[in-house]
Amino acid sequence: MADVETTSPANNASQVNTKAPSPLLKVEALKTHFPVRKEFSSRSTSFVYAVDGVSFSIQKGETLGLVGESGCGKSTVGKTILRLVEPTAGRVRFEGTDITALSRREMRPFRQMMQIIFQDPYSSLNPRMSVGNIVGQPLIIHKIASGQELEHRVGALFERVGLRAEQMRSYPHEFSGGQRQRIGIARALALNTKLIIGDEPVSALDVSIQAQVINLLMDLQEERDLSYLFISHDLAVVEHISHRVAVMYLGKLVELADKREIYINPLHPYTEALLSAVPTPDPTVRGKKRILLEGDVPSPINPPSGCRFHTRCPLAESQCRIEEPVWREATPGHWVACHLR
Ligand code: SF4
């Protein structure tokens with residue numbers, strides 16, 4: 001798969017360092033296949049091709065939105081980047097270092113710089129630990145702070161994410177969903193964080209709380225020059241927070257472009273269908289009628305031949321069933337995999 005060129009993201013929400021000579025994160029032809037075993041057998045008979053050759057990069061201070069339907073592999077991309085799941089093939093470079101081959105010990109400094117915020121703030125916090133201990137744990141594990149200094153740093157983190165320092169002695173069940181996600185963000189910021197992977201970080205929250213958490217993430221990005229990989233199925237949320245957007249279908253990227261470009265001028269039929277379902281108060285912005293995709297998403301155990309989208313694509317031709325479309329740069333910075341676009 002061809003490499004993805006990074007461009008200067010256009011987003012008024014935060015300033016991006018376009019002078020960065022190389023991306024903070026570079027994902028190259030990443031594959032994550034999970035073996036599937038037959039009942040009562042220790043041998044793998046097939047594989048789930050969860051991520052199957054994904055390439056992109058993220059600049060310092062940039063947010064890349066990663067969208068797609070449930071089960072398309074986008075969460076697995078995030079977990080593989082952090083090596084919570086080991087890749088089957090491909091490379092993940094962080095500040096130029098290939099981290100896919102590093103030992104557990106060699107990974108430690110990188111773990112300080114790369115954090116994840118999970119979708120479900122209810123289950124991602126240990127109910128038996130005070131929230132102060134939860135947020136302070138990374139500082140203890142990495143031997144960065146203890147005693148009074150630890151308490152001071154945790155208190156400052158609480159205040160930065162909009163909580164009160166004295167709340168650090170409470171337990172997760174004493175907080176609302178939005179407050180718990182703020183605790184998750186404080187934990188992600190505790191170390192020398194440069195990249196945060198948000199795995200559907202606001203999907204479980206009410207709309208008004210979603211806006212507060214998104215605004216907090218954007219403020220923190222501006223303040224700390226953070227980079228985000230923002231994984232979501234909600235295109236309206238992704239449009240708000242992202243500089244660029246990548247669209248994923250059945251383990252592969254099908255389109256990647258600047259946010260404004262992809263929302264106004266989508267090239268891939270799958271992106272068009274996703275965007276046609278996003279409600280908009282201004283019909284002239286997208287001005288297209290709803291495209292209803294027929295059929296279910298095929299199984300990632302046995303993905304369709306040729307273009308993986310051909311079983312649901314309204315434009316599919318005979319070539320699409322046989323030949324896999326090449327990932328190519330259709331216009332500067334706008335990447336797509338489709339025979340017709
Ligand atoms: Fe549709 Fe063919 Fe393009 Fe795939 S390659 S998106 S099937 S037109």
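A residue counts as near a molecule if one of its heavy atoms lies within 4 Å of it. In this predicted model, the ligand is surrounded by H268, P269, C307, F309, H310, C313, L315, A316, C320, C338, H339 and L340. By class, that shell holds 9 nonpolar and 3 polar residues, and no charged ones.

F309, one of the residues around the ligand, also belongs to an aromatic cluster with Y249 and Y270. The model has 6 aromatic pairs. In the pair of Y249 and F309, the ring centres are 5.0 Å apart and the planes stand at 80 degrees, so the pair is edge-to-face. Y249 sits in strand β9 (residues 244-249), while F309 is in the loop between α10 (283-286) and α11 (318-322), so the pair ties together parts that are 60 residues apart in sequence. Y249 and F309 are both buried.

Strand β9 is part of an open sheet of 8 strands with mixed pairing, in the order β6-β7-β8-β3-β9-β10-β12-β11. At the edges are β6 (114-117) and β11 (328-331), each pairing on one side only. Direction ignored, neighbouring strands of the sheet are turned by 20 degrees against each other on average. β9 pairs with β3 (residues 63-67) in the parallel sense, over 4 bridges; the bridge partner of V67 in β9 is V247.

Note on methods. Residues are numbered from 1 along each chain as its sequence is written. This is a predicted model: local features need pLDDT of at least 70, side-chain atom pairs count only at pLDDT 80 or more; totals for chains, interfaces and linings use all residues. Side-chain values use heavy atoms; hydrogens and water are left out. Rings of Phe, Tyr and Trp (its six-membered ring) pair if their centres lie within 6.5 Å; planes under 30 degrees apart count as stacked, over 60 as edge-to-face and the rest as tilted. Helices (H or I, at least four residues) and strands (E, at least two) are DSSP runs, numbered from the N terminus. Buried means under 20% relative accessible area, exposed over 50%, partly exposed in between (1.4 Å probe, protein chains only). Ala, Val, Leu, Ile, Met, Phe, Trp, Tyr, Cys and Pro count as nonpolar, Asp, Glu, Lys and Arg as charged, and the others, Gly among them, as polar. Two strands pair if DSSP finds at least two bridges between them. Axes are lines fitted to C-alpha atoms, for helices over the stretch in contact, and angles run from 0 to 180 degrees between N-to-C directions.
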